[in-house]
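Hello! Here are a few friendly notes to read alongside the structure.

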Amino acid sequence: MSIFEYNGSAVVAMVGNNCFAIASDRRLGVQLQTVATDFQRIFKIHDKLFVALSGLASDAQTLYQRFVFRHKLYQLREERDMKPETFASLVSSMQYEKRFGPYFCQPVIAGLGDGDKPFICTMDAIGAKELAKDFVVAGTASESLYGACEAMFKPNMEPEELFETISQALLSSVDRDCLSGWGGHVYLVTPTEVKERILKGRMD
């Protein structure tokens with residue numbers, strides 16, 4: 001078993017019309033044994049920027065603490081919030097500087113940039129960025145997520161339709177992966193508000 005599959009995870013981010021959604025499953029496992037069913041993988045950096053960390057859970061929590069530290073330093077120095085593109089470069093360089101003993105995490109970054117234009121990207125454990133205009137996926141359920149998102153996504157969705165699409169894609173994908181599941185956690189971000197919703201899924 002790969003170390004990335006040790007805890008199990010499913011993460012997806014999707015863009016809409018001046019909005020984005022980011023979702024994850026809630027299972028924390030140790031291989032096939034389920035340890036917790038309310039595990040948080042999506043973290044807020046500021047009101048318009050979120051990061052989800054799939055992979056090894058302990059590294060995800062460590063990385064999040066380092067992201068918060070670096071973002072607070074940036075806020076003190078620049079007196080403004082970090083743009084999503086800048087944050088993606090920061091995460092990429094933090095991952096790459098540990099390339100000989102990496103954090104076993106695959107980050108998914110989603111935010112609203114200049115003019116409330118949605119930005120999403122993901123990267124591997126050593127910070128190689130993958131930018132997308134529609135959706136990005138990560139985690140043990142990534143293969144079925146690719147299929148579901150490819151089938152369900154359409155451009156310029158309004159917030160509520162985007163929520164429905166990402167939720168259906170997540171729930172149908174984790175049912176085909178025994179290492180992730182136990183419900184979902186969705187953030188829907190528009191220029192004016194952030195909605196957080198918990199999804200109920202199959203509990204097995």
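Are F20 and F50 buried or exposed? Both are buried, where buried means under 20% relative accessible area and exposed over 50%, with partly exposed in between (1.4 Å probe, protein chains only).

1. Some ground rules. This is a predicted model, in which local features need pLDDT of at least 70, side-chain atom pairs count only at pLDDT 80 or more, and totals for chains, interfaces and linings use all residues. Residues are numbered from 1 along each chain as its sequence is written, and side-chain values use heavy atoms, leaving out hydrogens and water.

2. Aromatic pairs. The whole structure contains six of them (Phe, Tyr or Trp rings, the six-membered one for Trp, with centres within 6.5 Å; planes under 30 degrees apart are stacked, over 60 edge-to-face, the rest tilted). The F20 and F50 rings form an edge-to-face pair, with centres 6.4 Å apart and planes at 65°. F50 also pairs with Y187, this time tilted, at 4.9 Å centre to centre and 35° between the planes. Since F50 lies in strand 6 and Y187 in strand 11 (residues 184–189), the pair ties together parts 137 residues apart in sequence (strands are DSSP runs of E, at least two residues, numbered from the N terminus). Y187 is buried as well, and ring pairs join F20, F50 and Y187 into a cluster.

3. An arginine to look at. R27 sits in the loop between strand 2 (20–25) and strand 3 (28–30). The R27 side chain has a polar atom 3.2 Å from the backbone oxygen of Q31.

Conventions
Helix = DSSP H or I, 4+ residues; strand = E, 2+ residues; numbered from the N terminus. Polar contact = N/O pair within 3.5 Å; in protein donor to acceptor, adjacent residues only side chain to side chain.
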